[in-house]
Amino acid sequence: MSEKRTILVIEDEHAISNFICRALSASDYKPLAAASGKEGLSLFFSHGPDLVLLDLGLPDMDGLEVLSQLRGLPREVPVIIISARDRESEKVKALDMGADDYVVKPFGVSELLARIRTTLRRADRMKINEGIQRDVYQVKDLTVDIAKHQVLQGGEEIHFTQNEFKILELLAIHAGKVLTYDFILEHVWGPYGGSSNQILRVNMANIRRKLKENPSAPKYIYTELGIGYRMLED
Amino acid sequence: MSLSQRWSALYQWVYRQMHRIPALPRNLLVTALFLCAAYLTSSILIGHTGGENNSALVFVLAVVLISLLTTGYFYGILASIVGAFCTNFFFMFPYAAFSLSHTGYPLAMLSMVAISCVVCALTSRVKLQAAEAVRREKKAKALYEQNERLNQEKTAIQLQSARETIRSNILRAVSHDLRTPLTSISGAASVLLSSGEISEKNTAMLQDIKEDADSLIVMVENLLSITRIRDGTMPLKKREEMLEEVAGDAVLTTRRRFPDSKVELDLSEDILYLSMEPMLIKQVIVNLLENAIRHSGDREHITLHLFRQDNWAVVEVRDRGKGLSPEICQAVQSGRPLSRDLSGDSTRGMGIGLSVCQSIIKAHDGFFAAGNSPEGGAVFRFGLPMEDFPNE
């Protein structure tokens, strides 16, 4: 890409913001640092970044408030949340409010960069394919064929129950994005399904066994502990 | 001690001594004693005053004292009658003879009995009031003491809660103020490492900085968890979790920290869905894996095995290293805090790690065991209780 992509870092801890910006410039992004929510929003409007890294614990305003202001805009800019480990409910809330991904403090640089790459790629693809739904999704040797209602692993068909297939389908359509438990439950069992988390988790355990997927070495589906699942990108 | 206090002490002593004797003989004794005293006093007085005789007054005084010191009206009235007769018999003309013939004598006797009775009734009332006053005083004292005690308890509770607030504030401060700089130290080190501008010599040092910062982060998390659990001030935030997902996450975290080690996760067919605080259980597994990697001397064959045994979801960490020393096995078996037993240099960090594991598992009502496998190597095993969830 000829032009460097701009990433807005809204983080009040100077040292953290500093090394993130260094890492971003080293990876050929153009970082913009803001130390407060207000500064972040004004930099957002003046510079129009391609992605926002948002710390939820800001001194002047709630990080979720910043997120909802960003999400109220016509232009959808991907947002990655930075949050502390012990504030899970906040992360889930942020994801349900439309954040694209999250990293937990303390995080590694390589992890952060990988998340940024994935999120940007997803955003690009969304822009190109806007409104078009694909029929076939491919992750490594796994093919999820939505039109044919078929899953192939290494060319061999694997049989799934109705709900198991629906979960796979949903994860495949949103490949690369973390889907929260509630999001999956609502889309697979319906908003009034009265379904419990347990059904989803047990279904996932079964999917994993059918795909011979080990959660310590995930090939297709990553577990986001306490939050949800994410299918690896194409 | 003032005079009145001394008197009251003496009075109380006499009173206590007297009350050791049963009521009937005591009352009789008091009555007899004072009547005798009155008789003697009157005898002496009559020697000095002759015909001018005050014995009636002396006997009235005796009656007053008797009714004061005996229980009920009876002895007072008895004493007054006896006194009246004595006065008449011994101290009025004709001496040593009973006579009502002189004018005024019967009236005098009657009035003496009457006065005695009235005095007796009055003293009884005074006694009752005194008793009531004593009772009230006791009650007031009890109330005061209770009030004092409650006040003390209140202060203690306030102090306790203040202390807890301070403690949780310190915890929060520690977690924030240590984690944030450690994150930036580790992050900055890894940025520099990947920048390619560092000489080989400095790279090794940077690597050490990053590794130490990372292990300090783990240590901070451990300390936070152990303080939280040992205090018992914050309850576990339990929720239902799939054990294999927690274990998978723990393995991924461990691999990120020790990329050159091999850790295998062995799943069973059992679906282990149970209640726990997932971050804490993950921490236990990470600690056990880290122990195996750092202390067993074998990084190649570490396995994590999950299975169900009766109503326990069991997690087992095995290595093929040098095994555990008997002290460690014993310390784990005894269930006492390990940090003190394993403070030697060779086991640096192992004690606190295992201690954290023990505390977390205990808080989950699980079991924790350690031993050596017959094929060589150490085995750490913990189990968490499973409630029976209905299958779909």
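I take a residue as buried if 20 or more other C-beta atoms lie within 10 Å of its own, as exposed if 12 or fewer do, and as partly exposed in between, with C-beta atoms placed from the backbone. On that count A:A172 is buried, because it has 24 C-beta neighbours inside 10 Å.

**Conventions.** I am reading a predicted model, in which local features need pLDDT of at least 70 and side-chain atom pairs count only at pLDDT 80 or more, while totals for chains, interfaces and linings use all residues. Residues are numbered from 1 along each chain as its sequence is written, and chains are lettered from A and ligands numbered from 1 in the order in which they are written.

**Around A:A172.** I placed A:A172 in helix α6 (residues 162–173) of chain A, where helices (H or I, at least four residues) and strands (E, at least two) are DSSP runs numbered from the N terminus. I then looked up its contacts, two residues being in contact if their C-beta atoms, placed from the backbone, lie within 7 Å. Apart from neighbours within four places in sequence, A:A172 touches A:Y137, A:V144 and A:M231. From C-alpha to C-alpha, A:A172 is 9.4 Å from A:T143, and the two are 29 residues apart in sequence.

**The two chains.** In chain A I find eight helices and twelve strands, with 38% of its 234 residues buried. In chain B there are ten helices and seven strands, and 33% of its 392 residues are buried. Of the contacts in chain B with a separation of 6 or more, 69% are between residues 24 or more positions apart.

**Confidence.** The pLDDT, the predictor's confidence in each residue from 0 to 100, has a mean of 81 over chain B, where 90% of the residues reach 70 or more. Within chain B, confidence is lowest in helix α9 (residues 326–334), at a mean of 76, and highest in strand β5 (residues 312–318), at 93. For the complex I note an ipTM of 0.86 and a pTM of 0.69.

**Where the chains meet.** I find 33 residues of chain B and 23 residues of chain A in the contact. On the chain B side, α5 (105–195), β1 (239–242), α7 (243–257) and α8 (278–295) each supply at least two residues, and the largest share, 13 residues, comes from α5(B). I sorted the chain B side into 16 nonpolar, nine polar and eight charged residues, counting Ala, Val, Leu, Ile, Met, Phe, Trp, Tyr, Cys and Pro as nonpolar, Asp, Glu, Lys and Arg as charged, and the others, Gly among them, as polar.

**α7(B) and α8(B).** The axes of these helices come within 9 Å and cross at roughly 45 degrees, axes being lines fitted to C-alpha atoms, for helices over the stretch in contact, and angles running from 0 to 180 degrees between N-to-C directions. I therefore call α7(B) oblique to α8(B), since angles under 35 degrees count as roughly parallel, over 145 as roughly antiparallel, 65 to 115 as roughly perpendicular and the rest as oblique. Residues of this contact include B:V246 and B:A250 of α7(B) and B:I281 and B:I285 of α8(B), and the contact divides into eight nonpolar, two polar and three charged residues.
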